[in-house]
Amino acid sequence: MSSHYEAPIRKPLIVGDKSYHDITVEVAAPVEGKANKLWWTVFTIALLAFLWGLGSIIYTIGTGIGVWGLNKTVGWAWDITNFVWWVGIGHAGTLISAVLLLFRQKWRMGINRSAEAMTIFSVVQAGLFPVIHMGRVWNAHFVLPIPNQFGTLWTNFNSPLLWDVFAISTYLSVSLVFWWTGLLPDFAMLRDRAIKPFQKKIYSLLSFGWTGRAKDWQRFEEVSLVLAGLATPLVLSVHTIVSFDFATSVIPGWHTTIFPPYFVAGAVFSGFAMVNTLLIIMRKVSNLEAYITKQHIELMNIVIMITGSIVGCAYITELFIAWYSGVEYEQYAFLNRATGPYWWAYLLMMSCNVFSPQFMWSKKLRTSITFSFIISIVVNIGMWFERFVIIVTSLHRDYLPSSWTMFSPTFVDIGIYVGTIGFFFVLFLLYARTFPVIAQAEVKSILKSSGEKFKKLRDGNHE
Amino acid sequence: MASNKKYWKSVEELNTKSSIVDTLKQNEFVEEIPTDEFLGDKKNLEASSTTRRDFLKYVGFTTAAASLAACEGPVVKSIPYVIKPDDIIPGVAEYYATTMADGFDFANVLVKVREGRPIKIEPNKEANGTTNARVQASVLSLYDSLRLKGPKANGTEISWADADQQIVSKLNEVKEAGLPIAVLTGTCASPSTKKLVNKLNETFGNVNHVVYDAVSESAALDAFEAMYGSRALPDYNFEKAEVIVSIGADFLGDWQGGGFDASYAKSRVPKNGKMSRHIQFESNMTLTGANADKRLMIKPSQQNLALIKLYNAVVRGISTREASPLNDAILKAAAQIKAAGSKAVVVTGIQDKNAQLLTLAINNAINSEVIDVVAIKNVRKGNDAEVTQLISDMNAGKIGALIINNANPVYTLPNSSEFIEGLKKVKLSVAFSMQDNETAKTVQYALATPHYLESWGDVTIKKGHYSLMQPTIKPLFNTRQFQDSLLVWTGSTSSYYEFLKESWKTDILEGKSWNQALHDGVFVTETVEEVTINEVDINAAGTELGKVKGTDFELSLYTKTGLGDGQMANNPWLQELPDPITRTSWDNYLTMSKADAESLGVINHNVANGALNGSLVEITVNGVSEVLPVLIQPGQAKGSIGLALGYGRKEGLKEEMQTGKNAYQFYKGFNTYQSDVTLKLAEGEHEFACVQLHNTLMGRGDIIKEATLEDYNHIDAKEWNKVPVVSLDHNEVEATTVDLWDSFDRSIGHHFNLSIDLNACTGCGACVIACHAENNVPVVGKDEIRKSRDMHWLRIDRYYSHEEDFAGDNEKKEAGKGVIGYKDTMAELEDPSENPSVAFQPVMCQHCNHAPCETVCPVAATSHGRQGQNQMAYNRCVGTRYCANNCPYKVRRFNWFNYPNNSEFDYNMNDDLGKMVLNPDVTVRSRGVMEKCSMCIQMTQATILKAKKEGRPVNTNEFETACSNACSTGAMVFGDVNNEEDSVTSLTKDKRAYHLLEHIGTKPNVVYHVKVRNTEEA
């Protein structure tokens, strides 16, 4: 028996002997059950943070941008740092759902729903900042190319900030459509299980009249593929365009051609870290360990490790090019980053983003849930500091030393940032209680992707 | 226009016989109105609680209410002229020539008046007038909301008639008691006022006129009087100088009344390969020292010694052979003075008659052409001895009445408490004052005087130069001039205007037109006089001077470019004007050398947002103590400390303006040099409001390009005015020749350029204030300045070198090898040298032809004008601040808050009076928009329109900006480069011309000129 070669079996993507019905029940459980104390506690904290942020935003709009810590030299700091950070986080969702779909990576099915939800919620946070950072928010519509009574007055299509407007709105809409398409059969499932008429009504509205006919499924698959095809370039384009905000400028430390790939890698890096953070908690709280397995976390850790290393290469390339360019201002900008008054931010960025993911080379560490969670937090701190370092340390000491100064945040800066984190979690927590957090229809298709179960049957060993 | 159109109401009308049409024609209301149904319903009507009377009441009430509500329309305060004055055209500015003379600053100026409001001060160039920052800002003091608004007796308001009656009766009492009347005034230099004081003497007898300068030049006056017989100050024309040696004279500041920067700058611009050499010996880092070619730091007591040595070397030919850097420098300076002969000049700021005598003797010995002892100046007349005598007489009860005009002795006297005591013993004390200041609050009668823009007057700033002062607005308050009051008290019925006109016609005009003199603002009489020199024992003076002993710490008091003697302390523009050297606003402080700071344990450090904090020190001078903050000042002589006068006022000032501490309390014996100073570190820290936080140039020699005079004369310009090169197709080409963009044709129409000569710019800051006034730039206050949020459209960057000079910095930067070497070098370059070389650079929007700000604005709110200006459309701006981030020059300013009408920013734009100074041609920006230098587009457009209306092309050099107009040194020249004749056109092609940060390729329309330093020694 043991003499013949036995091909290795794929590891199961869903552990535990689940039946189709088990999946349905377990996915629907958080929606149908009652929220526990933990949910309420976290929700309350998130809500309070959100309200603090909201108060800070209202205060800013009512009084002026002067309530932030900005000055004549540093015109952007936490506002755009937060913007880029949130947009970056938003990248994982599309990558997982679109790119991995095209590459037929089936392990994505366990996590894509929540990853996409995270994408949409974080893009909402990101979108807030370009709006509220304006000195005159009430004229925000000026950035839209809408016909107006001023004759030929049009937006400036040369401005990367305008490209941002298009990039972010396209991204948000495509992501939303893609997400919703995937949600249709699952909403229908909830609708069919709903007992209360109100819930039934809501879920039937949300499911757009999904009937589950073969034609529905066929169209569903086709639309998913088409949308995946549409969304894939967006994964690359959105952060590329965000990086143009800096790359097309003339400020040393911003004016860098390496920015597009560097930003995209960084975005995927931080996005996966955020997915890890959220899912490690969610699989525990919503009892989804069978669907979001150690294997998922390990795979995501590998992506984090790879993108982290790409980002590290980019950092080193930047330093090299600054030196190699022979341009005094460029050289000083990078010297100042590493050794100037904000050296601590640079050190945090380097250690969090370049060194910490290297632990993932160890199988033991990358399969440890606790360790993955810690690293995911560390990476997100690091990525926030990356943007802070790029924005603030480039601006605070640029060309003319007479204008050099420093930046220090006020309680309003902090309030708005914490507020968006609160807002994000409010949305995510509400989502976790009302949406099918696992793409159960898809997951059901991979229930039997591993032969392990059959092998066990053959061996007569039922554990 | 009646219309014949007929409107059809229905098809039925086609049928002419239709009964319906007929009925409609006859009866407007087709259906019957149910009046009967309503009125006939007796039952319901009777049941109603509303009676007919009530109904009528309601109708009456509502009608009345409606008509009342209709009456209350918006109150529009602008009233059109019923009969329009000939010379006032709404929207067109009028200019009047007048003279500023506040006892500290004297200037021939032009006043720009819009719709009856003076809004800006400009130099009267036809009268050779120059303006400094304070003169430029003086227009805002007119609209000071805390001015004295009417006469007061012991703090309560009183009518002029009552005041006159009471004062005259008291004066008569004094006359009867046989006590003298003292008139204490600041320097007024007014011939007609002098006559009026004499008239007072005729009426009441025993009138003693004492002239008092808050910041005295008594020593210089005494010395000049001893040598040349008249108590005045010599004039200096530095343009003629080849060698200037200054020992403690801040002649680009307020030394002897100031105003020398224009002639100085002329000798500093290399012409035919020559420029003057300026050697400065001083203890504080002054504006003058910062502009010098060679600067030596010596303590005040050493300055005496230096002067004696210089005198000995130049006049007596004796040189001591002691090997010290000071001795060495003195001998070299002496050699240069001798070589230059009559083209040299020595000046000193030592407040000692003997020292002043020595310099006069040196200048006399070398027969200096620079000094003018004939056309003497009357800008300082104060007599310390007489003032001291007056105070002791007052305390002895020997003074019957004291009339104070244009002086604030209670604040400015070092022995102020003695003066207050003396005042109590005087029967009558009267103060004429524009502000409700310390003196006005202490005397019995505080009589409100008008601002000089509301007054008549005359001034002889210089002998033979008679300037006129004329009102440009009706007095805003119930004020009366000092001169008018004197006329009233002496029983005259004519007004001061009549008196002035009469007195000019008889004494001055020599039959020439009064109207012409008033139009010109100045009347010059040719006088040729021989000056005889009195015999003075200079050697004895030298010996006497040599006896002055130094102490461990010595204090030098000085006046700042902003506040001067402190009389305009309630002027927010001046409070916010950063000191040209320390770049600190809203404060005075002790300046101290780094070495002394270290030994005392004093530190300066930057807090998290970059703002500067400094230790506090308790200073004791001759028993007077005060706790003051310390600013570590590169270039401060070891063992010396500096402190600015003019701060620490409390009365008649808005709370925000009550900045700093009063340094007059240390001004003992009216001497700016005080020895016997002890310092002790005190608890706590002070928060400074610095506009510039980084002091060195970091070896970035392409920002301020420098050359030595030798290199400038003998080496190709490409060597010292290097154009950056870039690689194009693997060849090195000049960066200016490479262009990513298609160029526009800029040869048609006007194309504006601004040229800034770094050799001529002394850093005086007049342009900064002129820009404030012209462009309605808001004042943001100390807290916001601390947050690096100053709003100045035009700033003057000041850099210190780390090495001895900036060339040394560049070399040091190049020498730093390897990563560690580079890092260490750059860290070292952050610290200025102990005695640094200093450079000034005015920076405003560079109006780049390839502007980085324009491409990044998402809403196209900033875009390029046809005439080269980079324009801001405030209405379109949404405030993303992207443009400011992408500006390599960091000249864009964001409205962080709403500055006008905001009690958080209680400056001139928060009260109705202060708002009168606003220029109606320039928008007041709202919160959330970006603003910056517009290259005074409202001025260029006005010039173009004027020419167009007059049907002519714009004249050569007709275009001006506020800054170029205010620049007395000629450093800033504005014009149209499409006009070959305009001065700016040739300046942009000069071999010294370069653009700031040329390598970025922004192609600015502002051009700088390489700073040339004369490093030739002996």
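Start by selecting helix α3 (residues 78-89) and helix α9 (residues 259-285) of chain A: their axes come within 7 Å and cross at roughly 70°. Axes here are lines fitted to C-alpha atoms, for helices over the stretch in contact, with angles running from 0 to 180 degrees between N-to-C directions. The two helices, α3(A) and α9(A), are therefore roughly perpendicular to each other (65 to 115 degrees; under 35 is roughly parallel, over 145 roughly antiparallel, the rest oblique). Helices are DSSP runs of H or I with at least four residues, strands are E runs of at least two, and both are numbered from the N terminus.

Before moving on, note that this is a predicted model, in which local features need pLDDT of at least 70, side-chain atom pairs count only at pLDDT 80 or more, and totals for chains, interfaces and linings use all residues. Residues are numbered from 1 along each chain as its sequence is written, and chains are lettered from A and ligands numbered from 1 in the order in which they are written.

Now show the side chains at the crossing. From α3(A), A:Val87, A:Gly88 and A:Ile89 meet A:Gly266, A:Ala267, A:Ser270, A:Gly271 and A:Met274 of α9(A); a contact means C-beta atoms, placed from the backbone, within 7 Å. The residues of this contact divide into four nonpolar, four polar and no charged (nonpolar: Ala, Val, Leu, Ile, Met, Phe, Trp, Tyr, Cys and Pro; charged: Asp, Glu, Lys and Arg; polar: the others, Gly among them).

Zoom out to the whole of chain A, which has 17 helices and zero strands. Its C-alpha atoms fill a box of roughly 80 × 60 × 45 Å along the principal axes. Buried residues make up 51% of its 463 residues (buried: 20 or more other C-beta atoms within 10 Å of the residue's own; exposed: 12 or fewer; partly exposed: in between).

Next, bring in chain B and select the interface: 44 residues of chain A are in contact with 50 residues of chain B. On the chain A side, α11(A) gives the largest share, four residues. This side of chain A divides into 20 nonpolar, 20 polar and four charged residues.

For the last stop, pick B:Ala153, in strand β4 (residues 152-153) of chain B. With 18 C-beta neighbours inside 10 Å, B:Ala153 counts as partly exposed. Select B:Val443 too: B:Ala153 and B:Val443 are 290 residues apart in sequence, yet 8.4 Å apart in space, C-alpha to C-alpha. Leaving aside neighbours within four places in sequence, B:Ala153 is in contact with B:Ile158, B:Ala163, B:Gln166, B:Gln444 and B:Tyr445.

Technical notes. Contact = placed C-beta atoms within 7 Å.
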